[in-house]
Amino acid sequence: QVQLVESGGGSVQAGGSLRLSCAASGNTRSRHCVGWFRQAPEKEREGVATLSINGDIVLNDYYVDSVRGRFIISRDNPDNTVYLSMSSLRPEDTAVYYCAWAPYCGSVNWFQSSVYNYWGQGTQVTVSS
């Protein structure tokens with residue numbers, strides 16, 4: 001049973017920055033994926049960014065086009081924490097952001113929520129214009 005706890009959401013003005021944290025516990029697999037999804041009101045959940053990991057090594061990182069160059073997903077290995085550093089935030093980035101864990105992911109499916117077995121409770125990010 002993997003447990004994920006997000007933190008770091010909040011309210012910022014357009015152009016500002018936030019960093020989200022996802023603290024993971026209970027994972028026993030070397031090979032796995034940890035990613036961030038978001039869901040805005042009346043919209044479907046959207047994959048934002050994901051890390052593909054094997055032990056201490058990050059194999060790949062994936063980003064949705066709308067955040068590429070503005071968001072960075074990273075990992076603090078000793079603490080089993082995955083971060084989403086968000087800059088140049090836009091009002092359209094406003095959503096509840098969820099951390100998610102999958103036993104495997106790749107370039108063809110990292111953005112599909114069905115791939116992920118465990119989810120955090122979500123953290124609100126609000127960007128005002």
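Predicted model: local features only at pLDDT ≥ 70, side-chain atom pairs only at ≥ 80, totals over all residues.
Residues are numbered from 1 along each chain as its sequence is written, and side-chain values use heavy atoms, leaving out hydrogens and water. Local features need pLDDT of at least 70 and side-chain atom pairs count only at pLDDT 80 or more, while totals for chains, interfaces and linings use all residues.

**Exercise 1.** Work out which strands pair with strand 11, and whether they run parallel or antiparallel.

*Solution.* 
- Step 1: look at strand 2 (residues 10–13), which runs parallel to strand 11 and is joined to it by four bridges. Here Gly 10 sits opposite Val 125.
- Step 2: turn to strand 9 (residues 95–102), which is antiparallel to strand 11, with three bridges. Tyr 97 has Thr 123 as its bridge partner.

**Exercise 2.** Decide whether Thr 123 is buried or exposed, then list what it touches.

*Solution.* 
- Step 1: check the cut-offs: buried is under 20% relative accessible area, exposed over 50%, and partly exposed in between (1.4 Å probe, protein chains only).
- Step 2: Thr 123 has 11%, so call it buried.
- Step 3: collect its contacts (heavy atoms within 4.5 Å). Skipping neighbours within four places in sequence, Thr 123 touches residues including Glu 6, Leu 20 and Val 96.
- Step 4: follow the side chain of Thr 123, which reaches the backbone nitrogen of Gly 9 at 3.2 Å.

Definitions and conventions. Pairing = 2+ DSSP bridges. Helix = DSSP H or I, 4+ residues; strand = E, 2+ residues; numbered from the N terminus. Polar contact = N/O pair within 3.5 Å; in protein donor to acceptor, adjacent residues only side chain to side chain.
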